[in-house]
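Notebook open, structure about to go up on the screen.

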Amino acid sequence: MLTDEAERIHLLDLLRGAGTTRPPRRRPAQQRVRPAVQRDLDSMSGTPAFVLNGRGDILATNHLGRALFSPVYADPARPPNNARFVFLSPHATEFFPDWDQVAGDTVAMLRAEAGRDLYDRRLTDLIGELSTRSEEFRHRWAAHNVRMHTTGVKLLHHPVVGDLDLPFETLPVGGDPSQVLLTYTAEPASPSQDALNLLASWAATDDDIERSTPADDSEPADSTDTPG
């Protein structure tokens, strides 16, 4: 018996995929974030905001978002990927105090995305990398959990400003069903709001924090990519 809507959608995605002839395994066209969406992100100067895809790639962010996720951006690979950070970075358990829940949610997100597109080369490459390099990921992937968290509270420990307790919301990005907008806010007059204010001041003066645009965070185009 299906336990929630996420599992129902996942099953339908799998059934649709199973009923089609398997296409060649191709690298999909490079994802881009529309300039208007980037302007929306930049207009939210007091709110960390991101655009992500179903693999957990951070496709775009604003200045405060990049500062908040500076440990994720420390990996030189582009685009930065939340799943890779969660399971492969030695700093993940410090950055996410509730790492166990974050890890479970991350695997569930990837499994749901696999149900939507069984032949996404970048997704299968990512799952293969994580399975090879992380025993934790292998165990969790075998559990077959599928959950969708579009709202909640995320606990973070930032290396500069310390602990933050931030409610989050995710919304679909119009024009691209594979992209979502993720925002973090803090309760007014709370310690987390003070920490965000301090983070904004730090980001404004730190030379290592650069404004992120879709072009900055995208991988170079692969000449073998097949448009799709």
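First, my cut-offs: I call a residue buried under 20% relative accessible area, exposed over 50%, and partly exposed in between (1.4 Å probe, protein chains only). Helices (H or I, at least four residues) and strands (E, at least two) are DSSP runs, numbered from the N terminus. This is a predicted model, so I note that local features need pLDDT of at least 70 and side-chain atom pairs count only at pLDDT 80 or more, while totals for chains, interfaces and linings use all residues. Residues are numbered from 1 along each chain as its sequence is written, and side-chain values use heavy atoms, with hydrogens and water left out.

**Strand β1**

I looked up β1 (residues 49-53) and found five of its five residues buried. A49, V51 and N53 point one way, F50 and L52 the other.

Next I checked its neighbours; two strands pair if DSSP finds at least two bridges between them. β1 runs antiparallel to β5 (residues 176-184), with five bridges, and A49 has T183 as its bridge partner there. On β2 (residues 58-61) I get three bridges, again antiparallel, with F50 partnered by T61. Four residues sit between the strands of the β1 and β2 hairpin, and G56 has a positive phi near 90°.

**Helix α8**

For α8 (residues 121-133) that gives 18 Å, and the end C-alpha atoms are 18 Å apart, which agrees. Buried here are R122, L123, L126, I127 and L130. Down the axis of α8 they fall within an arc of 135° (taken from the directions from the helix axis to the C-beta atoms), so they line one face. Their cover includes α5 (82-88), α7 (99-116) and α9 (135-141), where contact means heavy atoms within 4.5 Å.

**H158**

H158 belongs to β3. Buried or exposed? At 1% relative accessibility, H158 counts as buried. For polar contacts I take N or O pairs within 3.5 Å; within protein, one must be able to donate a hydrogen and the other to accept it, and residues adjacent in sequence count only if both atoms are side-chain atoms. The H158 side chain has a polar atom 2.8 Å from the backbone oxygen of A67, and a 3.2 Å polar contact with the side chain of S70.

Definitions and conventions: The expected span of a helix is 1.5 Å times one less than its number of residues.
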